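Hi,

Here is the structure I promised to pass on.

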Amino acid sequence: MKYLDEYRDPDAAKLLLDEIRRVTSRPWTLMEVCGGQTHSLLRHGIASELEGTVELIHGPGCPVCVTDEPDVDFACQLAQRQDVVLASFGDMLRVPGRSGSLLDVQTTGAHIRTVYSPLDAVKLARQNPEKQIVFFAVGFETTAPATALAIQQADQDRLENFSMLVSHVRVQPAMEMLLQAPENRVQAFLAAGHVCTVMGYESYDSLVTQYRLPVVVTGFEPLDLLEGILACVRQLEAGAARLENQYARLVKPAGNRAARDLVQHVYQVCDRSWRGFGVIPNGGLELRPEWRRFDARRRFTPIQSSIEDIGECQSYEIMTGHIRPPQCPHFGKHCTPESPLGAPMVSSEGACAAYYHFAKANN
Ligand code: SF4
């Protein structure tokens, strides 16, 4: 298979759907970890096709959705300083912090530049030596190699005016936290194929062994997802718990060695607070001591905010499968993509945005 259309073939999809229904003797509850998978499941009507056969819980794999409010608040504070330009991916601009979003402060004159790559932010620093350029580094292990590269480039260029607000998160500790929760409903995981492209999937062995549940590394196209679901269901029906790789055309067991080495060279594992979850042990990456001169948290002092999280957004309940986005009382009323109350309605990978855009089309 070489072309995208082959992974969207309706006849092949129907065969897989029929096979999933045929082998399923009772409803099973699976979690697709990545927001990109959620969007594909909703966009292509797979979630509704499998209703009553397989329940899909939309997991925490949307990095924008889990970036903590205080980090967004600090980014807003930085952007409002006269001497700073805050560089960020576009998705982050509309994510609400406790006192508004980056877009809100931009309308009052804050200095914010949307960039497509962390290296664009390094270039900004070279071009604007009179300004401090801070890059808001969010994302899972998939984006960490690019931000690590930016740090190395800034070091090579001897830039004194570049730093990063690092909010990188790690997906496996979040999966473990979900499994440890007393109210856990997840019986098998579709692991996020793109994270495994970088990090490999060998580390999931311990998850499979310790919690005795199937983990299938899965891609993002309809046939990828259906194959991943079928592999999970077959294991569950057989009482098995194995690690499988559905996304073998891109994912190797050890991942991308060069990218992993780069991440390890620049970052170390740390505890991190996730929006909706609280602190997840080992749930993030921070700069290693030798790179901390590029750490915006050290270069600038956050102003402590007395504003509490107003708690309207029910993203935790959604990411643990206890409610679906339309069951949130704010869905489509006070919370829409144009006027989001929570990050899952903002992001291109957010579960609430996926339901808002695609669920109606499938009903
Ligand atoms: S609909 Fe809005 S408020 Fe409700 S969970 Fe989703 S993002 Fe949060």
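First, a term: a disulfide here is a pair of cysteine sulfur atoms within 2.5 Å. By that rule the structure holds one disulfide. It joins Cys62 to Cys65, with an S to S distance of 2.5 Å. The angle about that S-S bond is 70°, and the link of Cys62 and Cys65 is right-handed.

Before you dig in: this is a predicted model, where local features need pLDDT of at least 70, side-chain atom pairs count only at pLDDT 80 or more, and totals for chains, interfaces and linings use all residues. Residues are numbered from 1 along each chain as its sequence is written, and side-chain values use heavy atoms, with hydrogens and water left out.

Now the domains. The assignment (bounds come from an automatic or database domain assignment) gives domain 1 as 4-62 + 172-245, domain 2 as 68-168 + 257-299 and domain 3 as 317-362.

I looked at how domain 2 meets domain 3. Their C-alpha centres lie 26 Å apart. The contact (heavy atoms within 4.5 Å) takes six residues from domain 2 and 10 residues from domain 3. Together the two bury about 640 Å², 57% of it on carbon and sulfur atoms; buried area is the accessible area (1.4 Å probe) that two parts lose on being put together, summed over both. On the domain 2 side, Asp91, Arg94 and Pro96 lose the most area to domain 3, together 66% of what that side buries.

What holds for salt bridges (a side-chain nitrogen of Lys or Arg within 4 Å of a carboxyl oxygen of Asp or Glu)? The count between domain 2 and domain 3 is zero.

Last, the ligand. Residues near it (a heavy atom within 4 Å) include Cys313, Cys328, Cys335 and Cys352, along with Phe331 and Met345. By class, that shell has nine nonpolar, three polar and no charged residues, counting Ala, Val, Leu, Ile, Met, Phe, Trp, Tyr, Cys and Pro as nonpolar, Asp, Glu, Lys and Arg as charged, and the others, Gly among them, as polar.

Cheers
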